[in-house]
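Hi,

Here is the model I promised to pass on.

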Amino acid sequence: MSVPQRPPAPGHIALVGAGPGDAELLTLKAARLLAEADVVVYDALVSSDVLALASPQAELIDVGKRPGQSIAQDLINVLLVRLARTGRRVVRLKGGDPFVFGRGGEEAVALAAEGIACEIVPGITSAVAAPAAAGIPVTHRSLAAMFTVVTGHRQHGETPVNWAALAQAGGTIVVLMGVAERGVIADALMAGGMAPDTPVAAIRRATTADQVVGRCRVDQLAVMTVESPATLVIGAVAALNVCELVSGAAYAVG
Ligand code: SAH
């Protein structure tokens with residue numbers, strides 16, 4: 001008995017990383033797919049400079065999740081499946097890398113469950129690019145032999161991160177989505193044994209013209225002025241600005 005074959009999915013859908021903001025940090029593949037796209041479904045963190053690289057004929061659909069007006073992930077998944085079935089060339093564009101706290105994995109699974117394969121196009125994640133834009137290397141000989149990327153966001157009121165274990169592990173801690181919880185995070189790290197004078201940097205809108213960099217110690221993090229979305233860097237490297245003496249560094253930092 002022959003097994004009925006699922007017809008191949010028409011069109012093409014790509015899950016594309018838009019990088020941290022600066023359009024020149026897109027991959028060549030991302031730029032090509034954007035230029036060829038019929039539809040671009042994008043998130044709140046995708047910069048207008050990146051969107052400007054989409055084909056002028058492309059339909060642009062904003063599914064950005066913002067406080068107070070969030071679109072449920074389930075609805076985004078349904079939208080992607082529907083669009084993929086129209087036979088058009090669909091780009092699902094996500095800030096940074098689609099698989100770093102971007103829920104890209106969930107979208108790929110939802111598409112696969114409907115028999116739709118998607119092309120995965122990695123992007124430069126803000127976890128590394130935001131520190132770099134402030135002159136902070138996430139690893140640095142004798143200062144940090146490892147870096148950990150964690151979410152500061154609570155799930156159902158609970159933090160999924162063992163902050164005490166991270167405080168003990170050493171290395172650089174990069175926190176995404178951590179601005180609102182920064183005081184709680186700092187307390188948890190210090191309770192786990194982190195020295196109160198451990199350097200911290202906060203980089204907002206990294207690699208864009210609006211980039212802002214703030215620095216403090218971990219015991220000052222709760223009262224540091226920083227707005228979302230920003231990346232927090234905690235550890236000895238956060239005191240560095242290796243571009244300080246270089247004129248014409250890519251991003252002027254404060
Ligand atoms: N997939 C994305 C991260 C999504 S989570 C990536 O790989 O970059 C969203 C968080 O990323 C924000 O809350 C913030 O912490 C960080 N972020 C994204 N873009 C940023 C930018 N341009 N500057 C600083 N932080 C950024």
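A term to start with: a residue is called buried when its relative accessible area is under 20%, exposed when over 50%, and partly exposed in between (1.4 Å probe, protein chains only). Strands are DSSP runs of E with at least two residues, numbered from the N terminus.

Two housekeeping points. This is a predicted model, so to speak of local features we need pLDDT of at least 70, and side-chain atom pairs count only at pLDDT 80 or more, while totals for chains, interfaces and linings use all residues. Residues are numbered from 1 along each chain as its sequence is written, and side-chain values use heavy atoms, with hydrogens and water left out.

With pLDDT being the predictor's confidence in each residue, from 0 to 100, the protein chain has a mean of 91. Residues 247-254 stay under 50.

Now to strand β10 (residues 230-234): 5 of its 5 residues are buried. Ala 230, Leu 232 and Ile 234 point one way, and Thr 231 and Val 233 the other. Strands pair if DSSP finds at least two bridges between them. β10 pairs antiparallel with β7 (residues 172-176) over 3 bridges, and 5 bridges join β10 to β8 (residues 199-204), also antiparallel.

As for the ligand, a backbone N or O atom of Ala 230 lies 2.7 Å from one of the ligand's oxygen atoms. Taken alone, the ligand exposes 540 Å², of which the protein buries 93% (Shrake-Rupley areas, 1.4 Å probe). A ligand nitrogen atom is 2.9 Å from a backbone N or O atom of Gly 95.

Best wishes

Technical notes
Contact means heavy atoms within 4.5 Å. Helices (H or I, at least four residues) and strands (E, at least two) are DSSP runs, numbered from the N terminus. A polar contact is a pair of N or O atoms within 3.5 Å; within protein, one must be able to donate a hydrogen and the other to accept it, and residues adjacent in sequence count only if both atoms are side-chain atoms.
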